[in-house]
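This briefing covers helix faces, a ligand site and a few individual side chains. Please view the sequence and the structure first.

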Amino acid sequence: MTNLILFGPPGSGKGTQAAKMIEKYGLVHISTGDLFRYEMGNNTPLGLEAKSYMAKGELVPDSVTIGMLRNKVDAHPDAGGFIFDGFPRTIPQAEALDALLDDKGSSIHALIALQCDDEEIVQRIKKRGETSGRPDDNDEHIIRTRIQVYKNETTPVFDFYDAQGKSHSIVGIGEIEEIFGRISAVVDQLQAK
Ligand code: AMP
């Protein structure tokens, strides 16, 4: 089993790279942002709860997010591994993920962080906003809040896995294939062990 965390600020290309990783490595992709948008689109109680936080660019509370993630992992008992995209975003989420995988006799093998500077991110997200239909992609103030939330609340997760010797930094700027090559180098090395 190979369990990976695809990490990085909003707009760093996690979704794009995750799609390529699924194709190459056959892992199950779990994006908590996508799951929340699905719930919102269906007006479920979970979606309605998440909506107010997402609209402001803030994090949905850990209890809600962790419960949703756990259900999704449990729904794939035969998975050969997972790519976690946009999760964990806080230390309690990381601790919950480690505990969940530990219960299944598994663990996180690597966190791969895509590095990208703030202005590049803002431009990318604004461009994505032209077609994504996401309200949080169409307002520069909300985009900058999301970047700030990432810095304050999410970057400690890099250090959390770094302390376990699992964090890898990748330059997230360049051609999609070039970035994918950098990610693949990390994953291939992991799988060769
Ligand atoms: P994303 O699609 O990953 O950019 O996520 C969009 C929004 O969904 C975020 O700004 C948060 O409001 C919410 N969200 C996604 N993943 C998480 C998470 N792991 N913890 C808390 N909130 C999340």
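On the face of α2 turned away from its buried side sit the exposed residues Tyr 38 and Gly 41; exposed means over 50% relative accessible area, buried under 20%, and partly exposed in between (1.4 Å probe, protein chains only). The model is predicted, so local features need pLDDT of at least 70 and side-chain atom pairs count only at pLDDT 80 or more, while totals for chains, interfaces and linings use all residues. Residues are numbered from 1 along each chain as its sequence is written, and side-chain values use heavy atoms, with hydrogens and water left out. Helices (H or I, at least four residues) and strands (E, at least two) are DSSP runs, numbered from the N terminus.

**Helix α2**

- The buried residues of α2 (residues 32–41) are Thr 32, Gly 33, Leu 35, Phe 36 and Glu 39.
- These residues cover an arc of only 160° around the axis, so they lie on the same side of α2; the arc is that of the directions from the helix axis to the C-beta atoms.
- The cover over the buried residues of α2 includes β2, α3 (45–56), α4 (62–74) and β3, where contact means heavy atoms within 4.5 Å.
- Asn 43, which follows α2, has a positive phi near 50°.

**Helix α1**

- Helix α1 (residues 14–25) has twelve residues and reaches 15 Å from its first C-alpha to its last, close to the 16 Å expected at 1.5 Å a residue; the expected span is 1.5 Å times one less than the number of residues.
- Lys 14, Gln 17, Ala 18, Met 21 and Tyr 25 are the buried residues of α1.
- Seen down the axis of α1, its buried residues fall within an arc of 105°, so they line one face of the helix.
- Among the elements covering the buried residues of α1 are β1 (4–7), β2 (28–31), β3 (82–85), β4 (110–115) and α8 (176–192).

**Ligand site**

- There are 15 residues around the ligand, of which Thr 32, Arg 37, Glu 58, Gly 86 and Gln 93 come nearest; a residue counts as near if one of its heavy atoms lies within 4 Å.
- An N or O atom in the side chain of Thr 32 is 2.8 Å from a nitrogen atom of the ligand.
- For Gly 86, a backbone N or O atom lies 2.9 Å from a nitrogen atom of the ligand.
- In the side chain of Arg 89, an N or O atom is 3.0 Å from a nitrogen atom of the ligand.
- The ligand taken alone exposes 480 Å², and the protein buries 96% of that; accessible areas come from the Shrake-Rupley method with a 1.4 Å probe.

**Gln 93**

- Gln 93 lies in helix α5 (residues 91–103) and counts as buried at 3% relative accessibility.
- The side chains of Gln 93 and Asp 62 make a polar contact of 2.9 Å. A polar contact is a pair of N or O atoms within 3.5 Å; within protein, one must be able to donate a hydrogen and the other to accept it, and residues adjacent in sequence count only if both atoms are side-chain atoms.

**Thr 154**

- Thr 154, in helix α7 (residues 140–162), is buried, with a relative accessible area of 2%.
- A polar atom of the Thr 154 side chain lies 2.8 Å from the backbone oxygen of Arg 89.
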